[in-house]
Amino acid sequence: MLPKALLSRGAALAALDLSLPVRTAQRAASSVTIPPPACMLQPLEVPTRYLFGPGPSNVSPRVLAAGGRPIIGHLHPEMYQIMNDIKKGIQYAFQTSNNMTLSMSGSGHTAMECAVFNTVEPGESVLVSINGVWGERVAEIAERMGGKVHTLVKSPGGHFTNEEIEKALAKHKPVLFFLTHGESSAGLVHPIDGIGDLCRKHNCLFLVDSVASLGAAPLLMDQQNIDILYTGSQKALNAPPGTAPISFNDRACHKMFNRKTKPVSYLLDMTHLSNYWGNDGKPARDYHHTGPVSGFFTLRESLAILAEKGLENSWRQHKEVAEYLWKGIEDLGLKLFIKDKDLRLPSVTTIAIPEGYNWRELLTYMMKHHQMEMTGGLGPSIGMVIRVGLMGYNCSKPNADKALAALADALKHCPKSKA
Ligand SMILES: Cc1ncc(COP(=O)(O)O)c(C=O)c1O
């Protein structure tokens with residue numbers, strides 16, 4: 001007979017009812033005042049959709065299958081081997097030889113908080129560039145933990161010159177400067193060259209968010225002197241949401257392991273995480289938290305796919321498909337939000353809301369009639385853009401054609417009305 005835990009809930013209840021003596025069953029029934037919810041006795045329903053928004057993206061059957069492998073213990077030697085493989089995969093994807101490379105157990109926000117919490121102490125100056133929602137979030141994270149936050153602000157789609165950045169570094173003398181490489185709320189890929197050198201000159205750590213750009217647009221952590229880099233699993237990296245690779249170089253390690261105060265979060269404390277990932281040189285890895293075993297399987301598989309394909313091929317593929325999509329969008333009479341082609345993010349394209357249309361109606365129409373997700377703006381770009389993401393497994397010209405056909409259909413059928 002199967003152990004009770006392995007029976008389905010309905011079957012387990014039935015088995016209980018049949019086997020328990022009446023008195024025990026009555027006592028059990030009387031102690032339970034909240035009945036099993038009807039929805040929980042129904043099978044899980046998950047629709048099949050085209051996820052052509054800014055993420056999560058559809059993932060390959062190979063990655064899905066990896067997530068369906070049997071669970072093993074998070075401290076088993078085989079799991080350590082898988083984590084070691086993930087570390088190597090991230091080092092390749094980030095183009096870094098940093099020892100302090102690992103994955104967070106959590107989404108991109110976990111990596112954002114980990115980076116800030118570990119490298120900034122209360123009262124220290126932090127400089128955050130804001131040209132969309134992600135800078136706003138990091139500024140709030142740094143403020144919440146007691147950082148003295150200074151901001152460099154542009155409207156969504158704007159970018160910062162190295163001169164502007166250097167001026168602000170000299171003025172605010174931050175310990176950390178934050179920049180978003182792929183600003184997914186605006187559809188902008190920010191130039192990186194030279195900024196790491198400026199941060200070194202001004203004795204500051206350079207923190208870069210590549211959640212929406214890793215694997216889709218060129219980024220070279222070591223060559224571009226990025227001190228801390230993080231990404232998320234669910235975009236071009238193309239695994240399910242819930243894990244977030246991050247890497248710290250020696251400068252960042254020196255700052256975070258010579259603090260006067262403990263980081264505000266126990267879960268995100270890099271002293272513990274570096275041990276959990278076998279990065280601290282200690283002979284044993286101790287229990288810190290239970291990592292997302294299935295999530296790490298899928299992350300490993302997505303990093304393996306990237307390694308097999310090759311980073312440069314992945315960058316090329318995203319650019320080619322994006323250019324094909326951009327032309328199709330313009331052929332429909334729509335305008336791209338980012339005017340300069342070189343500043344357009346290949347993974348997430350932003351379309352200026354066509355005049356006279358209600359963007360919500362367009363998105364609702366595509367979901368209803370094409371089972372296709374595209375999304376509106378986020379934070380300061382709400383009401384300005386529609387976002388189309390073709391990333392990883394979804395990054396193909398046939399999928400771009402599907403997206404264009406859905407857009408054309410929505411434009412035809414959604415009556416022009418006030419947005
Ligand atoms: C550029 C960027 N940074 C950070 C995040 C946050 O990631 P998550 O939603 O996985 O927490 C996102 C998510 O869309 C993003 O696009």
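The model is predicted, so local features need pLDDT of at least 70 and side-chain atom pairs count only at pLDDT 80 or more, while totals for chains, interfaces and linings use all residues. Residues are numbered from 1 along each chain as its sequence is written.

**Around the ligand**
- The ligand is surrounded by 14 residues, of which the closest are Ser107, Gly108, His109, Ser184 and Val211; a residue is near a molecule if its C-beta atom, placed from the backbone, lies within 6 Å of it.
- This shell divides into 5 nonpolar, 8 polar and 1 charged residues, where Ala, Val, Leu, Ile, Met, Phe, Trp, Tyr, Cys and Pro count as nonpolar, Asp, Glu, Lys and Arg as charged, and the others, Gly among them, as polar.

**Arginine 387**
- An unreviewed UniProt entry lists Arg387 under "binding site", and such annotations may be inferred rather than shown by experiment.
- Arginine 387 lies in strand β14 (residues 385-389), where helices (H or I, at least four residues) and strands (E, at least two) are DSSP runs, numbered from the N terminus.
- Arginine 387 is buried, because 26 other C-beta atoms lie within 10 Å; a residue is buried with 20 or more other C-beta atoms within 10 Å of its own, exposed with 12 or fewer, and partly exposed in between, with C-beta atoms placed from the backbone.
- Leaving aside neighbours within four places in sequence, the contacts of arginine 387 include Gly53, Gly187, Val348 and Met374, a contact being two C-beta atoms, placed from the backbone, within 7 Å.

**Helix α12**
- Helix α12 (residues 311-331) has 21 residues and reaches 30 Å from its first C-alpha to its last, close to the 30 Å expected at 1.5 Å a residue, that is, 1.5 Å times one less than its number of residues.
- The buried residues of α12 are Ser314, Gln317, His318, Val321, Ala322, Leu325, Trp326 and Ile329.
- Seen down the axis of α12, these buried residues fall within an arc of 165 degrees, so they line one face of the helix; the arc is that of the directions from the helix axis to the C-beta atoms.
- The buried residues of α12 pack against α11, β11, β14 and α14, whereas Glu312, Asn313, Lys327, Glu330 and Asp331, on the other side, are exposed.

**Backbone details**
- The peptide bond from glycine 55 to proline 56 is cis, with omega near 0 degrees, and proline 56 sits in the loop between β1 and α3.
- Glutamine 371, although not a glycine, has a positive phi of about 50 degrees, and glutamine 371 counts as exposed because it has 12 C-beta neighbours inside 10 Å.
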